[in-house]
Amino acid sequence: MPATPDFVPYASAAIDFHRALNLPAGPLVASRPELDCLHEHLLSLHALLDAHAERTAPLLPAEGDHLRAVRTRLWQAADHLHAAYHSAPRLGSGEVPDAEACRTRLPEGAPELTLCRRHQQTARLVRRRTTPTDLHSPFTGLVRH
C-alpha cells in the first residue's frame with residue numbers, strides 16, 4: 001500500500017478537542033448547526049467505510065461483512081441525527097417543531113435544505129447497497145468467521 005498521509009487520527013482528535021472546548025458541563029441543548037456538522041461528519045465516515053467495504057469484500061469476505069455492518073450502523077446513526085435536527089429548536093425563534101412537522105420531513109428551506117439534500121444523496125446509495133431488512137434488523141447481517 002502506498003504511503004499517504006492518514007488524516008483520520010487528526011479528524012478524531014479534532015472532534016475530541018471540539019467537545020472539550022465547546023460542550024460545557026451541565027445541560028445543554030444541541031443546536032441545529034452542531035447537529036448539521038455531526039451529520040456531515042457521520043456521512044463522510046459512512047462514505048469512507050463504504051469504500052473500504054466494497055473494496056475489501058471481494059478479497060476477504062469476513063472482513064467485508066464486518067465493514068458492511070459498520071456502514072449500516074453509521075447510516076442508522078446518521079438517520080437519527082437527521083431526525084434530531086428536525087426536532088431541534090429553530091435558530092432565532094427557539095421554536096420546537098411539532099411532532100407532525102417532524103414526521104413529514106419537509107425541507108425547511110436554505111440552509112436547512114443542505115442537510116436534507118446530503119441525507120437524500122446518501123440514502124440513494126444506502127438503498128442500492130442494503131435491503132430494508134438490513135436497515136431495520138437489530139443484527140446487521142451475516143458475519144463470517
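Me: Where is the place of arginine 129?
Reply: Arginine 129 sits in helix H5; helices here are DSSP runs of H or I with at least four residues, numbered from the N terminus. This is a predicted model, where local features need pLDDT of at least 70, side-chain atom pairs count only at pLDDT 80 or more, and totals for chains, interfaces and linings use all residues. Residues are numbered from 1 along each chain as its sequence is written, and side-chain values use heavy atoms, with hydrogens and water left out.

Me: Why does arginine 129 count as partly exposed?
Reply: Because its relative accessibility is 35%; buried is under 20% relative accessible area, exposed is over 50%, and partly exposed lies in between (1.4 Å probe, protein chains only).

Me: Leaving aside neighbours within four places in sequence, what is arginine 129 in contact with?
Reply: Asp50, Glu54 and Arg71, where contact means heavy atoms within 4.5 Å.

Me: New topic: which residues line the largest cavity?
Reply: His46, Arg71, Thr72, Trp75, Leu125, Val126, Arg129 and Thr130. A cavity is a set of points on a 1 Å grid over the protein atoms alone where a 1.4 Å probe fits but cannot get out, and lining residues have an atom within 4 Å of a point.

Me: Which helices each supply at least two residues of that lining?
Reply: Helix H3 (61-87) and helix H5 (112-129).

Me: Is His46 of H2 buried or exposed?
Reply: Buried, and other buried residues of H2 include Leu42, Leu43 and Asp50.

Notes
1 Å grid on protein atoms, 1.4 Å probe; cavity = no way out; pocket = protein on both sides within 12 Å on 5 of 7 lines; lining within 4 Å.
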